[in-house]
Amino acid sequence: MNFLFKGPWLANMKMFITLDPSNVHYIMSKNFTNYPKGTKFNEMFDVFGDGIFNVDSDLWKLHRKMAHTFIGHPKFHQFLQDKIWEKVEKGLIPLLDHVSKQGLVIDLQDLFYRFSLDTICTLVTGCDLGSLSIDWPHVPFANALDDAEEVILYRHFVPMSVWKFCRWLGVGNEKKYKKAWEILDDFVYKCIAKKREEKKQELMKPQVVGVDLLTLYMDESQSINVTSASDKFLRDTILSFFIAGRDTTSTALSWFFYLLSKNSRVESKIRDELSTMETVHDYHNLIYVHGALCEALRLYPPVAFEQKASIESDVLPSGHQVDPNMQIIFNMYAMGRMKAIWGEDCYEFKPEGWISERRNIRHEPSYKFLAFNAGPRTCLGKNMSFFQMKAVVATILRNYTFQAVEGHQVVPDISLILRMKHGFMVKEVQNKYLPPNLEIQEKDGADEFESHDSSKRIRTAAKKSFKEGEATLEKTAESAATVMDHAMHKAKDKVENKFSHHRHGREADDEL
Ligand code: HEM
């Protein structure tokens, strides 16, 4: 349950890894002020500047207040509803119809990344990037985000002095990082300038009902006693929303559909529930879908690790001593698969566990179900992401039937977000809107997999990611992950033993 991990002495790595919900509760809520993210985190994630993810104390409070107010603003709520459905109708459905008609093999993960990128960009800046399109366009901004995340992950596995030296020299991964930073800056500052220009020219019609977050940050900051935000403040804020909104929702959707592909019982129960909807907009009553999404998030939390750093020495509820400036890690992936927390059937995909007898969603304490974080830093986009996910799930499952491509391996990647390493290749097997003569004919042989431009592109992209230069990073990450994995297993075994005397199955959850 608890494990002290010491890296090579040169690395100056000393981490306390805990899977104990009472420690999580204590660190995330009860003694929150002693456990900020810390300066090390801020330095490693420096491309995100002083955005909400990257800061502590007063600056974090200011960000939190603004983000909380504007995400909950009625004008943004209206905008969110309109834009998500617009993207579904004008982006997702035409693309899936095309895929269906052409009998293409696609990477569902890539599709969800594009959907989420376009929606978060629209919601935050008012501009649609248009990445979700039948020609699967190359989007430099998206690639720059990926590159930045990859290098940040790499920074976790090498001593800080080493990556800082490489940064100073401008070599290796740090060179790639610098380039990514420039692309991100270029795009975000252009969005800010465009918005300021629109305002100057009063192109924004005063009667519009819904507005994007950037507009609210520019127009409404004073209403909550915050002086007008500078371009740098807006840049850090926008980038934080991008990282918050793109990778998480799309990763959750990818694992959700993967789990469905393995569980026909759950899929048919979801289709039953969806068939009771009068329109696709009737998503509020989707209790079973909600339970299934929570279950996918339990098994595959998109943010699989949470990091904290202690300020003062402390003693945790588990009795462990914490030294000042010690790194503390929670592994949400392991916690979501512990019998002691979730019962004997913890490896199964069972949405029913989330539904009460009265057909409401059962509340699980956040220090146990940590997918959206816990305590004062709980995710601010939880409701927004459930709305998006339900809109996508309802649209896809009411209209299409995807089948996983046989033999394609779906495995988690080592990255900051729990992505699928090689994506999730699927093929549409039946579109109920297509007349029978247009129904997709199964073709023989593996050639079909190669025969379409988009699948070729996906395969080429996958191959590219293995290119030699990156193999080193992968190896470093993998060996570090093996050590971590080993540590997790040891810790997990310990906690199973400890708890097994007191807990029996799911009933025990309520004690936590
Ligand atoms: C399934 C989707 C999502 C999941 C699983 C998720 C999960 C999380 C997690 C684990 C954190 C804590 C990260 C950390 O402190 O290191 C977080 C924070 C946050 N999330 Fe989400 N998130 C999701 C979607 C979104 C969306 C769509 C937004 C909207 C922009 C969003 C906005 C935020 C913000 C602003 C924070 C920072 C909170 C703070 O530090 O006070 N999230 N989220």
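This is a predicted model: local features need pLDDT of at least 70, side-chain atom pairs count only at pLDDT 80 or more; totals for chains, interfaces and linings use all residues.
The buried residues of α15 include Met 384, Ser 385 and Phe 386 towards one part of the list, and Ala 394, Ile 396 and Asn 399 among the others.

Gln 388, which is found in helix α15, is also one of the helix's buried residues. Gln 388 counts as buried because 26 C-beta neighbours lie inside 10 Å, where 20 or more are needed. Leaving out residues up to four places away in sequence, Gln 388 touches Ile 84, Thr 119 and Thr 249. The C-alpha atoms of Gln 388 and Phe 115 are separated by 9.8 Å, although these two residues are 273 residues apart along the chain.

The UniProt record, an unreviewed entry, lists Cys 379 for "binding site". Cys 379 has 16 C-beta neighbours inside 10 Å and therefore counts as partly exposed. When its neighbours within four places in sequence are left aside, Cys 379 is in contact with Phe 372 and Asn 373.

The two residues are set side by side below.

| Residue | C-beta neighbours inside 10 Å | Class |
|---|---|---|
| Cys 379 | 16 neighbours | Cys 379: partly exposed |
| Gln 388 | 26 neighbours | Gln 388: buried |

How values were computed
Residues are numbered from 1 along each chain as its sequence is written. UniProt positions are given in the numbering used here, feature names are shortened, and annotations may be inferred rather than shown by experiment. A residue is buried if 20 or more other C-beta atoms lie within 10 Å of its own, exposed if 12 or fewer, and partly exposed in between; C-beta atoms are placed from the backbone. Two residues are in contact if their C-beta atoms, placed from the backbone, lie within 7 Å. Helices (H or I, at least four residues) and strands (E, at least two) are DSSP runs, numbered from the N terminus.
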